[in-house]
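This report walks through one structure, section by section. Please keep the sequence and the 3D view at hand while reading.

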Amino acid sequence: MIFKDFDPKEDKIFRIIDNEGVVINNELMPDIDDETVVKAYKAMLYARTADEMAVSYQRQGRMYTYPPNIGQEAISVAAGMIIREKDWLVPAFRELGAWLAKGVSLKEIFLYYMGNEEGSNFKNANHMLPFSVPIGTHLLHAAGIGYSINYHKKDEVVFTFTGDGGTSEGDFAEALNFAAVWKAPVIFTVQNNQYAISVPVRNQTKSINLAIKSYAYGIPGIKADGNDFFAMCAAYKQAAGYAKAGNGPVLIEAFTYRKGAHTTSDDPSKYRSKDEEIEGEKTDPLKRMKKFIDNKGIWKEDEEKLLEEFRIEIDQQFSEAENFTPYRLEDVFQYTYVDLPDDLKKQKSEYEQFLKWKESRK
Ligand SMILES: Cc1ncc(C[n+]2csc(CCOP(=O)(O)OP(=O)(O)O)c2C)c(N)n1
Ligand SMILES: [Mg+2]
C-alpha cells in the first residue's frame, strides 16, 4: 500500500510524473488507458477555462465573488474520476473538477456566486452536499455521513476536502477523530495550496507536513503531489479501496500551489514574491499532463478550437444563470424567524432602499 511506502514522518512525497511529464515511478503508475488520460486533461482544461471566465465575469460586475481553482485542477479532476455516482461528495469551495464530475452544472455554480439559492439545488448531482464556505464545518457532516453508511451497511464512500488553513480548525480534529474511531469510510483531502488567504502554511502549523496529522488519529496518511494527476488518481484508488473494505478513513495531503488569488477579493502580490510565483508555475498540473500526453503522442485535437468550443458553452451557461428568475428579497429574510428581529428588519429596509437606488440608475 502506497500509504505505507510514503510515510508522512519521513516527509516523502508520492509522485508519478515529474515537471517534464516524464514517468519517474512506473511501478506505481495507475492503470489508466490513453483515452481516459486525454479525457482527464480535457476536464482540467475545461475547469481552467471556466475559472478564467468566472474571474472575468466577476470583474465585469456580473457576479459577486469567485474562488478560482487555477493550479489545483489535477486534484479534483482525479477525485472526479474515482468517485462513483453513489459515493458522497462533501465539498468546501475549491474542487470544481469533482463537482462537475458529480453532475453539477456551471450554471448552478454561477447562480451560487450571484447569491441565488437555486445555485445550491444541484439537480443532476447525486449524493452531494452544498458548498461550504465556513471553513471546516462540513468535515463533520462528512464524518456523520460516513457513520451512517456503516450503520446502514451501504457500499458508499465519502469524499471531502479542505485547505491547509482548514487543518487548524477544531472541526478538522473532531471530524478526523470521530471518523477514525467509528471507521467511517471517508477520504479527507487537504488541498495544501500553501496559503490560507495571505497566511503561508509555515505560519499555519509546526508539523513537518499536513499528512502527518493522520498519526494523531491512528489512520493512514499520505503526502501526494497534488499537481500530478496520476499520483492523485493512484492515491484515490487506494484510499477508496481501503475505505470500502471497512478499514475506515484516510487523510491525503495534496501538495499544490494556488496560482491565482484566494478569491476575486484578494491580491496576492501584497504577500508573495514574483520569484515564488515563477517557481510555482513550473509545477503547473496542466502543463505537466500535456507534456506527458505529447511525449506519448496521444493528442489528436486542435487545442485552440477546443478552447473556443469550451468558451462558447461556458458563456451559454453564464447567460442562463444571468437570465434566471431573480430571487425575491423576502427569500433572504423569510424562513428563519416567525417575527423578524429589529436588526434584520433594519437590514431589509436598507436593502430595499439600495435596490431602489440601483433601479434609479438604470
Ligand atoms: C470558520 C471560518 N473562519 C474564517 C473564514 C474566512 N476564510 C475564508 S477562506 C479562509 C482561508 C482558507 O484557507 P485554506 O483552508 O487553506 O483554503 P484555501 O482558500 O487556500 O483553498 C478563511 C480564513 C471562514 N470562511 N470560515
Ligand atoms: Mg490554502
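## A covered helix

The buried residues of helix H3 are Glu73, Ala74, Ile75, Ser76, Val77, Ala78, Ala79, Gly80, Met81 and Ile82. A residue is buried if 20 or more other C-beta atoms lie within 10 Å of its own, exposed if 12 or fewer, and partly exposed in between, with C-beta atoms placed from the backbone. Helices (H or I, at least four residues) and strands (E, at least two) are DSSP runs, numbered from the N terminus.

## Model and numbering

This is a predicted model, in which local features need pLDDT of at least 70, side-chain atom pairs count only at pLDDT 80 or more, and totals for chains, interfaces and linings use all residues. Residues are numbered from 1 along each chain as its sequence is written, while chains are lettered from A and ligands numbered from 1 in the order in which they are written.

## Domains

The protein chain is divided into domain 1 (2-322) and domain 2 (336-360); such bounds come from an automatic or database domain assignment. Between the C-alpha centres of domain 1 and domain 2 there are 38 Å.

## The sheet

An open sheet is formed by 5 strands in the order S1-S2-S3-S7-S6, with parallel pairing. Strands pair if DSSP finds at least two bridges between them. Strand S1 (88-90) and strand S6 (221-225) stand at the edges with a single partner strand each, so one side of each has no neighbour in the sheet. On average, neighbouring strands of this sheet are turned by 20° against each other, direction ignored.

S1 and S2 run parallel and are joined by 3 bridges; Val90 stands opposite Thr160 in S2. S2 and S3 also run parallel, joined by 6 bridges, and the bridge partner of Thr160 in S3 is Phe188. In S3, 7 of 7 residues are buried. Val186, Phe188, Val190 and Asn192 point one way from S3, and Ile187, Thr189 and Gln191 point the other way.

## Helices across the sheet

Helix H6 (residues 137-151) lies across S1, S2 and strand S3 (186-192), and runs at about 165° to S2. Helix H9 (residues 229-244) lies across S3, S6 and strand S7 (250-255), at about 170° to S7. Axes are lines fitted to C-alpha atoms, for helices over the stretch in contact, and angles run from 0 to 180 degrees between N-to-C directions. Two residues are in contact if their C-beta atoms, placed from the backbone, lie within 7 Å.

## Surroundings of ligand 1

Ligand 1 is surrounded by 16 residues, the closest being Ile135, Gly163, Gly165, Gly166 and Ala196. Strand S2 (158-163) and strand S4 (195-196) are the elements that give two or more residues to this shell. A residue is near a molecule or strand if its C-beta atom, placed from the backbone, lies within 6 Å of it.

The shell divides into 6 nonpolar, 7 polar and 3 charged residues. Ala, Val, Leu, Ile, Met, Phe, Trp, Tyr, Cys and Pro count as nonpolar, Asp, Glu, Lys and Arg as charged, and the others, Gly among them, as polar.

## Two positive phi values

Most residues other than glycine have a negative phi. Asp11 has a positive phi near 55° and sits in the loop between helix H1 (2-5) and helix H2 (34-59). Lys183 has a positive phi of about 50°, and its place is the loop between helix H7 (170-181) and S3.

Asp11 is partly exposed because 13 other C-beta atoms lie within 10 Å. Lys183 counts as partly exposed with 16 C-beta neighbours inside 10 Å.
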